[in-house]
Amino acid sequence: MTLKTFKFAVLSLLLVISSQSYAFDISERKASQLVQSKYKAKKLLKVESISSRGTNAFKIKILLDSGRLKTVYVNKKSGKISERQP
């Protein structure tokens, strides 16, 4: 193996490792889409970025078809939707 090939292999490996440890948060738009799809929301009312006990999340208020107001939370890292505040 030549030195140039070795350098390329090491650089590629470092790039793969670093991209896995610095995963991007989901966007506000993606979080809204997940919630609207799951709850079949009639209307999206408010999206707010929050941080609670070291967890970053979106607090999303929606209006359901029944006319009921619902608040849900979407974890920014995993995209997991929860009805309880993180």
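These legends walk through several close-up views of one predicted protein model. Residues are numbered from 1 along each chain as its sequence is written, and side-chain values rest on heavy atoms, with hydrogens and water left out. Because this is a predicted model, local features need pLDDT of at least 70 and side-chain atom pairs count only at pLDDT 80 or more, while totals for chains, interfaces and linings use all residues.

**View 1. The whole chain, to get our bearings.** The protein chain has two helices and four strands, where helices (H or I, at least four residues) and strands (E, at least two) are DSSP runs numbered from the N terminus. Along the sequence these elements follow the pattern α-α-β-β-β-β. Of the 86 residues, 23% count as buried; buried means under 20% relative accessible area, exposed means over 50%, and partly exposed lies in between (1.4 Å probe, protein chains only). The chain exposes about 6600 Å², and carbon and sulfur atoms supply 56% of that area, by the Shrake-Rupley method with a 1.4 Å probe, where for residues only the protein chains shown count as cover. Among contacts with a separation of 6 or more, 34% come from residues 24 or more positions apart; a contact means heavy atoms within 4.5 Å.

**View 2. The open sheet.** Four strands form an open sheet in the order β1-β2-β3-β4, with antiparallel pairing. Strands β1 (43-52) and β4 stand at the edges with a single partner strand each, so one side of each has no neighbour in the sheet. Two strands pair if DSSP finds at least two bridges between them. In a regular strand the side chains alternate between the two faces of the sheet.

**View 3. The β1-β2 hairpin.** Here β1 and β2 pair in the antiparallel sense over nine bridges. Ser52 stands opposite Thr55 in β2. Two residues lie between the strands of this hairpin, and Arg53 in the turn has a positive phi of about 50 degrees.

View 4. Strand β2 (residues 55-63) meets strand β3 (residues 69-75) in an antiparallel pairing over seven bridges.

View 5. Strand β4 (residues 81-82) pairs with β3 in the antiparallel sense over two bridges. Tyr73 stands opposite Ser82 in β4, and Val74 stands opposite Ile81 in β4. This hairpin has five residues between its strands, with Gly79 in the turn at a positive phi of about 80 degrees.

**View 6. Ser32 and its contacts.** Ser32 lies in helix α2 (residues 28-39). Ser32 counts as buried because its relative accessibility is 8%. Leaving aside residues up to four places away in sequence, Ser32 touches Leu44, Val47 and Ile60.

**View 7. The salt bridge of Asp25 and Lys77.** A salt bridge here is a side-chain nitrogen of Lys or Arg within 4 Å of a carboxyl oxygen of Asp or Glu, and the count comes to two by this rule. Asp25 forms one with Lys77, the closest N and O atoms being 3.0 Å apart. The pair links distant parts of the chain, 52 residues apart: Asp25 sits in the loop between α1 (3-21) and α2, and Lys77 in the loop between β3 and β4. Asp25 counts as partly exposed because its relative accessibility is 36%, whereas Lys77 counts as exposed at 58%.

**View 8. The salt bridge of Glu83 and Lys70.** Glu83 pairs with Lys70 in a salt bridge whose closest N and O atoms are 3.3 Å apart. Glu83 lies in the segment after β4 and Lys70 in strand β3, so the pair ties together parts that are 13 residues apart in sequence. Glu83 is partly exposed, with a relative accessible area of 47%, whereas Lys70 counts as buried at 9% relative accessibility.

**View 9. A charge over a ring.** Lys76 lies over the face of Phe58, at 4.8 Å from the ring centre. For this label, NZ of Lys or CZ of Arg must be within 6 Å of the ring centre and within 35 degrees of the ring normal.
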